[in-house]
Amino acid sequence: MMKVWLFLQTLTLEYIGFYILFNKEMMQMQWLVSISCHAVACASFTLLCWILLPLRYKTPIVSSVTFLFLFNFLLPLFGMFGTVFSLLVALYIPRKQNLTTWQECEEALLPQSPDDVLSTQFGTGALRDILLNNTDPERRLIAVSAIRHLPKPQAVPLLQLALKDLSDDVRLLGYSSLETIETQINETLSLFKNQFQHQEQASKAYEIAQQYWELCYLGIAEGALRKHYLEQAELYLTIANDISNSASSNLLLGRVMLEQQRPDDAFEYLTQALNGGLMVKQVAPYLAEAAYDIGDYETVKHYIHYFPEQKGETLSQIKEYWI
């Protein structure tokens, strides 16, 4: 009802204003009455237009109402027609919808080269998606072949996922690939141990601990075997520090302590690594983790300030949450 009343009021007042303008001898009083009728008509029409506008165009109210009034007032009659057709009608007429929701494209082949895997759309996410959702066993088999060329930290979780595949061929290829990685690490470990037996050097002890740590870090070792490897890593890092204390040994020893759920010891060794010359940003994530496990949240906030700023990185997300 209000919309009808505003429309009729606008039409009547605008008609009166134009009638006086074209049918009366224009004196000062006639000009004043004509302009007043036009202004009130514009105000009425502005209110009507604002009511009819879609919700997202009604705010901010002052800007919206001011624009509508001035547009109609400064362009008598033509402004109202322009408002009706350019704003109200155009905004309410739905846009033409594109009925095509997908476009067929050629099926891209999975690359076999490690550089091709990492530099194209076939990243770890795509390969994981193929293993989980692709119904073609051949496609999943090719995906596992491509995964074998990825760096170990990225390849091992995907290969472990392949072990749960329904296809025997996919499971066997995943198992053999994991076994190859583990064999390489164990061979390197055996080599360093032999070298250490001939000459006890801190660097050799560190390399041995590094190999034990890699078996745990990659997720190859589990359960009691993982616990044993962590103990061996701790043993050889302690030996390395006894021979020659180094910041890198203390850093790795702190990480081993974190994996063994010993945050107090981890914080001590990580602090020694920091004091030994490592950059704060290298040690800060582990110091923050140790402080969090201890319950020292002020120290956690202190070290989180050193986390990187790259958007999308896990550490930057943690920093954004805490700070």
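Which helix does Phe 7 lie in? Hold that thought for a second while I tell you what we're looking at. This is a predicted model, where local features need pLDDT of at least 70 and side-chain atom pairs count only at pLDDT 80 or more, while totals for chains, interfaces and linings use all residues. Residues are numbered from 1 along each chain as its sequence is written, and side-chain values use heavy atoms, with hydrogens and water left out.

Okay, back to Phe 7: it lies in helix α1, residues 2-23. Helices here (H or I, at least four residues) and strands (E, at least two) are DSSP runs, numbered from the N terminus. The protein chain has 16 helices and zero strands.

Next, burial. We call a residue buried under 20% relative accessible area, exposed over 50%, and partly exposed in between, using a 1.4 Å probe and protein chains only. By that count, 34% of the 323 residues of the protein chain are buried. Phe 7 has a relative accessible area of 44%, so it is partly exposed.

In helix α6, residues 124-133, you'll find Leu 127, Ile 130 and Leu 131 buried. They sit on the same side of α6, because they cover an arc of only 95° around the axis; that arc is taken from the directions from the helix axis to the C-beta atoms.

Now look at α8. Its buried residues include Ala 155, Leu 158 and Leu 159. What do the buried residues of α8 pack against? They pack against α6, α7 (137-147) and α9.

Leaving out residues up to four places away in sequence, Ile 147 touches Leu 127, Leu 131, Ala 155, Leu 158 and Leu 159, where a contact means heavy atoms within 4.5 Å. Ile 147 and Leu 159 are twelve residues apart in sequence, and their C-alpha atoms are 7.3 Å apart in space.

You'll find it in the loop between α8 (152-162) and α9 (168-198). Its side chain makes a polar contact of 2.7 Å with the side chain of Arg 140. For a polar contact we want a pair of N or O atoms within 3.5 Å; within protein, one must be able to donate a hydrogen and the other to accept it, and residues adjacent in sequence count only if both atoms are side-chain atoms. A polar atom of the Asp 165 side chain also lies 2.7 Å from the backbone nitrogen of Ser 167. Setting aside neighbours within four places in sequence, the contacts of Asp 165 are Leu 131, Arg 140, Val 170 and Arg 171.

Further along, there's Asn 241 in helix α11, residues 223-243. Asn 241 counts as buried, at 12% relative accessibility. Its side chain makes a 2.9 Å polar contact with the side chain of Asn 250, and it reaches the backbone nitrogen of Ser 246 at 3.4 Å.

Last stop: Gln 261, in the loop between α12 (247-259) and α13 (263-275). Its phi is near 60°, a positive value in a residue other than glycine. At 63% relative accessibility, Gln 261 counts as exposed.
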